[in-house]
Amino acid sequence: MDFTFDSEQSDLREAVRGLLERAYSDSETRRKVAANDPGFDEKTWSRLAEMGLLGLPFAEEHGGMGAGPIEVAIVAEEIGRVIAPEPFIEAVVLAGGLIAAVASDEQKGELLGAIAEGACVPTFAHAEIGTRWTPSASAVTATQAGDGWTLTGVKEPVPHGARADVLVVSAVVDGGTGLFLVQGDAAGLTRTGYRTHDGTRAANVRFDGTPAALLGTGGDQTAAIEQALAEARIAYSHEAIGAMDTALRITAEYLKTRKQFGVTLNRFQALTFRAADMYVSLELARSTALWASMVQDAGGDVASAADRARLQTSRAGRHIGKEAIQLHGGIGVTAEYSVGHYTSRLTAIDHLLGDGDFAAARLARTVAERETVDPLGAPYAPSGGVG
Amino acid sequence: MRLQLSPELEAFREEMRTFFTTQVPQEIRDKVAGHGHVSKEEYVETQRVLNAAGLAVPHWPVEWGGRDWTPLQRHIWREEMQLANVPEPLAFNASMIGPVIAAFGNQEQKERFLAKTANLDIWWCQGFSEPDAGSDLASLRTTAVRDGDDWIVNGQKTWTTLGQHADWIFCLCRTDPTAEKKQRGISLLVFPMDTPGVTLRPIELIDGGFEVNEVFFEDVRVPAENLIGEENQGWTMAKFLLGNERVGIARIGSTKRMLAQAKEHAREITVDGRPLLDDPFMAARIAELENELVALELTALRVVANSADGKPHPASSVLKLKGSELQQAATELLVDIAGPLSVASFALEGSDVPDWARVATPHYLNYRKVSIYGGSNEVQRTIIAGTILGL
């Protein structure tokens with residue numbers, strides 16, 4: 001049991017932090033980038049690729065770095081620290097993760113290297129209007145047509161759906177939910193992109209007999225989707241930790257400098273106590289998120305660990321996000337000032353793949369099955385593991 | 001980063017688990033599990049069983065019975081003890097005065113007190129709080145005035161937990177009323193509770209129990225050799241002692257036990273023919289608490305792993321704050337599961353209300369104390385805001 005980063009992981013964190021702090025040295029830069037399509041900075045995306053981060057979790061034989069969940073967590077937290085709008089989790093962890101898990105070797109060879117180089121931005125087109133946070137598809141149907149497949153239906157909101165070069169699409173097939181690849185320039189594909197409240201992008205993606213390639217060997221991929229969603233939920237938890245960390249730091253700084261009634265705000269215990277409670281929320285959430293990544297690394301029950309991380313970071317994110325604005329006062333609600341953007345991003349993270357209530361409900365369904373929870377034991381740590 | 005315990009620590013955990021569940025008498029552990037009244041004799045018996053196996057004071061210096069364990073080993077020791085419903089070694093002895101004497105006492109005092117303190121041959125009580133010095137401990141007014149080879153102690157202490165069982169008291173006294181800072185004029189004296197001039201008045205608590213007391217001192221004559229550390233150094237020792245008090249105060253294993261009991265009882269109570277545990281709202285409430293407890297346990301593991309230098313990690317305030325809140329939430333949950341049965345607190349023989357439901361409310365009411373003692377949660381927020389956030 002060890003909660004500390006090794007020296008390579010610490011180096012990775014410093015390198016990513018350096019890159020992102022240069023890219024987003026102030027909140028105005030992020031605001032400008034977010035104001036223009038595609039909602040992130042293509043140059044920063046290239047720099048992330050040069051550092052190897054866009055291929056971080058992929059096998060080396062496919063042009064990746066062969067790194068594990070801890071490294072992904074480190075990058076996600078740094079993204080959150082400056083709320084960089086680059087779609088690292090959406091493209092690399094989630095869409096890329098599905099490709100790495102399900103695709104044929106040939107497909108991996110074509111796609112993973114291109115993703116790692118920054119040449120191809122994939123996204124996972126999965127959300128549908130009228131349902132939420134489920135691993136199965138219902139609004140898009142796949143039909144076999146000769147050697148290939150066509151898709152029909154609508155996905156929305158699809159993160160960066162208008163910018164994406166390739167879409168991994170979940171669709172109804174006989175016996176469950178299949179996964180398909182659709183090229184951005186495919187016939188019968190209509191993409192209508194828009195800005196989201198947190199400054200990133202989403203799209204309505206319409207398939208009308210759109211040609212698609214089966215990802216991997218086909219069949220029902222619900223389990224693979226659930227696994228990828230769980231891994232992305234853990235990564236989002238780390239992005240949230242980074243965002244909360246900065247929101248609290250900015251708030252504490254503000255309390256030390258802003259004067260009212262002739263004194264700085266940190267003279268008011270009503271305010272400092274609330275900041276202390278924010279710290280408590282943050283540290284409890286941080287421990288849980290780090291643990292979930294260790295469970296993933298150890299090959300334990302990722303779905304359950306992800307629910308635990310999501311529940312804790314969701315509750316913490318809402319607490320810290322709302323209090324960060326309140327402790328600032330009016331300036332916290334303005335777009336000119338940074339802190340509100342953190343709250344907005346935390347709110348988006350909370351709803352993309354499942355919020356705290358969603359995770360709590362899932363954990364509640366199994367609460368009767370266990371007497372106690374041992375985070376270092378089964379089902380989280382496979383037995384016989386080496387220390 | 002690594003999830004699993006090392007094979008050595010796994011073995012250590014197993015060793016602790018086996019010891020606690022086989023060597024400490026079952027009837028004592030059942031009493032702790034049922035939140036019943038643990039007698040003085042049962043505390044003493046348990047601590048002697050632990051001490052004989054070197055498990056009563058592992059955090060002390062090796063010379064005085066310590067084990068030179070890592071913070072993580074100590075954490076496992078404590079958690080397994082709580083999970084097994086073992087009454088922990090008396091805090092006043094094991095966590096408070098023992099470490100203080102070992103760190104600040106002279107050789108004669110160490111030889112005189114430490115072995116007996118570890119074995120609970122001496123039962124200590126804490127003379128810190130006073131009617132006008134609670135969280136603001138440094139305002140204490142009990143005085144000790146030098147008279148030849150003795151100190152003469154006058155004043156009053158309060159909230160003296162289990163003072164009715166105590167053989168000796170360690171007592172903060174004002175020895176220099178003229179000191180520039182009130183913290184600088186305080187000394188630590190120890191003396192027997194049967195010294196002439198010491199009287200004790202029990203305070204009944206809202207649960208109907210007697211665990212705290214007022215202690216009055218009227219011209220109590222204490223030999224000068226009973227001063228621990230140097231004159232007017234008492235505040236340093238008080239801070240050292242309170243820092244130790246915070247370690248392990250999260251009581252995660254104990255709350256885990258309560259949540260397991262809550263599930264068990266929520267299975268026994270049926271609502272419209274279905275177990276209460278199947279009610280989605282109840283299940284979600286337990287799941288939320290359970291998750292917060294996981295988060296706290298993981299935070300405790302992070303803290304112990306990073307406090308190898310022996311100083312409490314600043315985040316230990318998080319453990320006290322959240323640990324007390326979760327203990328209270330678990331006791332509240334048990335009352336709510338007991339529902340109408342929870343009013344039968346003092347039912348006698350002839351009542352059919354199960355024991356767990358009888359003790360639920362008194363336990364809940366009694367546990368309001370945990371966010372007050374050991375530095376109230378407001379003190380912990382002050383520490384977090386000040387030392388961590390720089391506010």
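**Close-up views of a two-chain model**

**View 1. Chain A as a whole.** Of the 387 residues in chain A, 55% are buried (20 or more other C-beta atoms within 10 Å of the residue's own, with C-beta atoms placed from the backbone; 12 or fewer is exposed, and in between is partly exposed). This is a predicted model, in which local features need pLDDT of at least 70 and side-chain atom pairs count only at pLDDT 80 or more, while totals for chains, interfaces and linings use all residues. Residues are numbered from 1 along each chain as its sequence is written, with chains lettered from A and ligands numbered from 1 in the order in which they are written. Chain A has 11 helices and 9 strands (DSSP runs numbered from the N terminus: H or I of at least four residues for helices, E of at least two for strands). The radius of gyration of chain A is 21 Å, close to the 21 Å of the globule rule for 387 residues, so chain A is as compact as a globular protein of that length; the radius is taken over C-alpha atoms, and the rule is 2.2 Å times the number of residues to the power 0.38. Along the principal axes, the C-alpha atoms of chain A fill a box of roughly 75 × 50 × 40 Å.

**View 2. The side of chain B that touches chain A.** Here 42 residues of chain B are in contact with 43 residues of chain A (C-beta atoms, placed from the backbone, within 7 Å). H9(B) gives the most to this side, with 17 residues. By class, this side of chain B has 28 nonpolar, 5 polar and 9 charged residues (Ala, Val, Leu, Ile, Met, Phe, Trp, Tyr, Cys and Pro are nonpolar; Asp, Glu, Lys and Arg charged; the others, Gly among them, polar).

**View 3. Helices H8 and H10 of chain B.** The axes of H8 (residues 252–268) and H10 (residues 316–338) of chain B come within 9 Å and cross at roughly 15°; axes are lines fitted to C-alpha atoms over the stretch in contact, with angles from 0 to 180 degrees between N-to-C directions. H8(B) and H10(B) are therefore roughly parallel (angles under 35 degrees). Residues of the contact include Met258(B) and Ala262(B) of H8(B), and Leu326(B) and Ala330(B) of H10(B). The contact divides into 10 nonpolar, 6 polar and no charged residues.

**View 4. The surroundings of His59(B).** His59(B) is found in the loop between helix H3 (40–52) and helix H4 (71–83) of chain B. His59(B) counts as buried, with 24 C-beta neighbours inside 10 Å. Not counting residues up to four places away in sequence, His59(B) touches Gly66(B) and Arg74(B).

Definitions and conventions: Parallel < 35°, antiparallel > 145°, perpendicular 65-115°, else oblique. Contact = placed C-beta atoms within 7 Å.
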